[in-house]
Amino acid sequence: MQPAPARAPTRPNDGMGLDGDSSHGRGPVTQEQDPLALYIHWPFCVSKCPYCDFNSHVRASVDEAAWQAALLADLAHEAALTPGRRLSSIFFGGGTPSLMPPATVAALIAAAGRHWGFADGIEITLEANPSSVEAARFADLAAAGVNRVSLGLQALDNETLHFLGRAHDVAEGLAALDTAQKAFARTSFDLIYARPGQSEADWAAELSRALAFGTGHLSLYQLTIEPGTRFATLAASGKLTPVDPDHGATLFELTRAMTAAAGLPAYEISNHARAGEQSRHNLTYWRYGDYLGVGPGAHGRRLGCATTRRRKPENYLSAIARNGHGIEAEDALPPETRAAEALLMGLRLDEGVSLARIAARSGIAADRLIDRAAARRLAALGLLSAGDDHVRVTPAGMILLDAILAEIVAV
């Protein structure tokens, strides 16, 4: 899974980033000075979930040697374009990257170390399905260098898991979570809420159970009906009724209150963590740092350019054989686009954004970035905090983030 670049979504800033990075408080910073994030996409799944619109594919067989060679070639291409940079994070997404052979994961991590070198405390995350088959690989994946796992539990009752098209049941998922917590230094898991028929009491009980498992990070997403998915087809035919938006807002507020009380406050609209447990990789996206995307359908942002890889696995392999990389498009982003993307991504964060920092990275003057009249109006309503430099959507405003972004982003 990889967040789409700069697509708007459905603590007061103290000058320090959530990981102790003081880049928000210092002078102009060029992205060439900063560490890189690396995203590697494994496109294969055992089956396609009805809510999923990510680039995932079901294949009867996978030539694992060919895929290892292709991903290594794509990695080398990106490395040649970014000399002298270090990696702060690696993220294996999908698809289902826990289906990757641990030897392939190890080869990619080792190659990344040779190409770039690692920043101190590098975070290496792998998304995993919580099946017993994949959990059996966790020790080998940890030995390969993975130090953080993100488990797709999605729900804690079997009826809902069946509705969501998941192959595991609750017992299997919790056994995988236990195995993950023993194998990896850090563990996160996903849950989907605001499901049809889910009451406030239902979600409170499920979230309370989830918080008791003791992980330092939770990703909690409202169920959305994405175009092109099986759920979209069911909704169009009247066979699935999405949750009423007002009820969804109630569940959103309950989620933030319960996670904050448990010591895992929201640091992004859908992500909650203890201090120091935030996803370093995803913070690079949201803070609009440079990140490299390798593998089918992966996108990247490096040195002012947007890159997109070919989505279909077979076309990606053909492109690697032909060109030595899987790039389908590589476009220089105009300053206005870079500035807008930085605002759209950064205002998802509880810490907000520094306009001076965005101006330094985009070339657009800070006073042109936001609509000050709209910002004052929203601040008066308690939905926004906007000083001369720092802009932050308040907790009360997060549920209205789409509308707020539409009003204040001026570029």
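This is a predicted model: local features need pLDDT of at least 70, side-chain atom pairs count only at pLDDT 80 or more; totals for chains, interfaces and linings use all residues.
Which residues of helix α1 are buried?

Residues are numbered from 1 along each chain as its sequence is written, and side-chain values use heavy atoms, with hydrogens and water left out. The protein chain contains 16 helices and 15 strands (DSSP runs numbered from the N terminus: helices are H or I of at least four residues, strands are E of at least two). Of its 411 residues, 54% are buried (under 20% relative accessible area, with exposed over 50% and partly exposed in between; 1.4 Å probe, protein chains only).

**View 1. Helix α1 and its buried residues.** Helix α1 spans residues 64-81 and has 18 residues. From first C-alpha to last it reaches 26 Å, close to the 26 Å expected at 1.5 Å a residue (1.5 Å times one less than the number of residues). Its buried residues are Trp-67, Ala-70, Leu-71, Asp-74, Leu-75, Glu-78 and Ala-79.

**View 2. Strand β1 and its partners β2 and β9.** All 7 of the 7 residues of β1 (residues 36-42) are buried, so this strand is largely enclosed by the rest of the structure. Leu-36, Leu-38, Ile-40 and Trp-42 point one way, and Ala-37, Tyr-39 and His-41 the other way. β1 pairs in the parallel sense with β2 (residues 87-94) over 7 bridges and with β9 (residues 291-294) over 4 bridges (strands pair if DSSP finds at least two bridges between them). Ile-40 stands opposite Phe-92 in β2 and opposite Val-294 in β9.

**View 3. The open sheet β13-β15-β14.** These 3 strands are paired in the antiparallel sense. β13 (353-354) and β14 (384-386) stand at the edges with a single partner strand each, so one side of each is left without a neighbour in the sheet. β13 and β15 (residues 390-393) pair over 2 bridges, and the bridge partner of Ser-354 is His-390 in β15.

**View 4. Arg-348 in the loop between α12 and β13.** Arg-348 counts as buried because its relative accessibility is 14%. Its side chain makes a polar contact with the side chain of Glu-268 at 2.6 Å (a pair of N or O atoms within 3.5 Å; within protein, one must be able to donate a hydrogen and the other to accept it, and residues adjacent in sequence count only if both atoms are side-chain atoms).
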